[in-house]
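Trainee: Could we go through this chain together, step by step, with the sequence and the structure in view?

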Amino acid sequence: MTKTLRFRVLGDSLAFGVGCTTAEQTLGHRLADALRADGHRVDLGVHAVSGARSIDLAEQVREALPGGVDVALLVIGANDLTSFTPPAIGARLLHDAVANLRRAGAAVVVATAPDLGIVSHVPPAYRELVSRASAMYARVQADAVRLAGGTVATVGPELFTRFRAEPALFSADRFHPSPAGYALIADALAPHVRDAAAEPAA
């Protein structure tokens, strides 16, 4: 009998799915479907909380671990940026969350801070500055993730360029993705999550 893959999603509103109108449109469900298409039996658990910052990851990890975790996706960083969390602090908290999941035997994929310079609420004069700050925060996060044994889901600038050019990829609040935006993000994350699911158990 095929073993059930325990897939857990942690992080912030992007991981939770704010902007979606049904659960099936969220990252967790879309990626679970991708794993099922690869032949996995998937048990999906979403521990993400809208508004979460890196400081909230420890509690989410504690909630996820008792049921077991084979593959974990962490989406975190946007609220750290908007709350001006120092990069070193956010990175340390993210490192610890990844390390704890790895010690429990999970393969861990992390989507780091997005480019907030693409958000229409940001005045044009500040967009380049915000984009640079976002990229710097993501680089520090990525170093911490790799140090803890996780995988960074590098989505590339093309994704952010699409969001900048296509307003329909944002939901009505003009901050969170629309269902179409989530589909695009899920497509970018899917190869990393699939590779993680193919890893031998730790």
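**The sheet and a buried histidine**

Mentor: Over residues 9-184 the chain is 48% helix and 12% strand, and the end C-alpha atoms are 17 Å apart; helices (H or I, at least four residues) and strands (E, at least two) are DSSP runs, numbered from the N terminus. This is a predicted model, in which local features need pLDDT of at least 70 and side-chain atom pairs count only at pLDDT 80 or more, while totals for chains, interfaces and linings use all residues. Residues are numbered from 1 along each chain as its sequence is written, and side-chain values use heavy atoms, with hydrogens and water left out.

Trainee: Which annotation covers residues 9-184?

Mentor: The label comes from an unreviewed UniProt entry, and UniProt positions are given in the numbering used here, with feature names shortened and annotations that may be inferred rather than shown by experiment. The record's wording for residues 9-184 is "domain: SGNH hydrolase-type esterase".

Trainee: What is the order of the strands in the open sheet?

Mentor: Two strands pair if DSSP finds at least two bridges between them. The pairing in this open sheet of five strands is parallel, and the order is E2-E1-E3-E4-E5.

Trainee: Which are the edge strands?

Mentor: An edge strand here pairs on one side only.

Trainee: How many bridges join strand E3 to E4?

Mentor: Strand E3 (residues 71-75) and E4 run parallel. Val 71 stands opposite Ala 107 in E4, and the partner of Val 75 in E4 is Ala 111. The number of bridges joining E3 to E4 is five.

Trainee: Why is strand E4 largely enclosed by the rest of the structure?

Mentor: Buried means under 20% relative accessible area, computed with a 1.4 Å probe on protein chains only. Ala 107, Val 109 and Ala 111 are buried on one side of E4, and Val 108 and Val 110 are buried on the other. Strand E4 (residues 107-111) is largely enclosed because the buried residues number five of the five.

Trainee: With which side chain does the side chain of His 176 make a polar contact?

Mentor: His 176 lies in the loop between helix H7 (157-165) and helix H8 (179-197), and His 176 is buried, with a relative accessible area of 11%. A polar contact is a pair of N or O atoms within 3.5 Å; within protein, one must be able to donate a hydrogen and the other to accept it, and residues adjacent in sequence count only if both atoms are side-chain atoms. At 2.6 Å, the partner of the His 176 side chain is the side chain of Asp 173.

Notes:
Buried < 20%, exposed > 50% of the residue type's maximum accessible area, 1.4 Å probe, protein only.
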